[in-house]
Amino acid sequence: MTDYEWCRDFIEHNCILRSPPGKRLLLTSNGLNAWQFYLPIAMLDQQFAAKVAELFWARFADKMPFQICACESGGIPLLTAIQALYPVSGFVIKKK
């Protein structure tokens with residue numbers, strides 16, 4: 001299984017919350033939904049974060065030099081994971 005497939009499987013089994021069939025029970029800003037995607041569960045898992053950082057680097061390493069900008073608070077774990085493995089400059093901005 002590739003890292004990409006492993007990450008997709010992890011997200012499928014740990015980060016997508018589903019209501020019972022035929023019901024919409026998950027409250028979001030758009031009302032009630034049948035499913036919800038919650039990525040912080042994955043990004044706070046060390047193995048997942050390391051694999052995503054590796055996938056990011058494999059995709060963008062040839063674009064160096066660059067900086068990574070993370071939007072708080074969701075982007076901070078990804079930025080941290082990438083910087084833990086590779087020497088890349090990064091910064092965080094607030095949403096507003």
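How many aromatic pairs does the structure hold? The count is seven aromatic pairs, with rings of Phe, Tyr and Trp (its six-membered ring) pairing if their centres lie within 6.5 Å; planes under 30 degrees apart are called stacked, over 60 edge-to-face, and the rest tilted. One of them, Trp 6 with Phe 48, is tilted, at 6.4 Å centre to centre and 35 degrees between the planes. Trp 6 sits in helix H1 (residues 3–14) and Phe 48 in helix H3, so this pair ties together parts 42 residues apart in sequence; helices here are DSSP runs of H or I, at least four residues, numbered from the N terminus. The model is a predicted one, where local features need pLDDT of at least 70 and side-chain atom pairs count only at pLDDT 80 or more, while totals for chains, interfaces and linings use all residues. Residues are numbered from 1 along each chain as its sequence is written, and side-chain values use heavy atoms, leaving out hydrogens and water.

Phe 48 also pairs with Phe 10: the ring centres are 5.2 Å apart and the planes at 35 degrees, so this pair is tilted. Phe 10 belongs to helix H1 and Phe 48 to helix H3, 38 residues apart. Both Phe 10 and Phe 48 are buried (under 20% relative accessible area, 1.4 Å probe, protein chains only; exposed is over 50% and partly exposed in between), with Phe 48 at 2%.

Helix H3 (residues 46–60) also holds Lys 51, which counts as buried at 17% relative accessibility. Leaving aside residues up to four places away in sequence, Lys 51 touches Asp 3, Trp 6 and Cys 7 (heavy atoms within 4.5 Å).

Methods
Helices (H or I, at least four residues) and strands (E, at least two) are DSSP runs, numbered from the N terminus.
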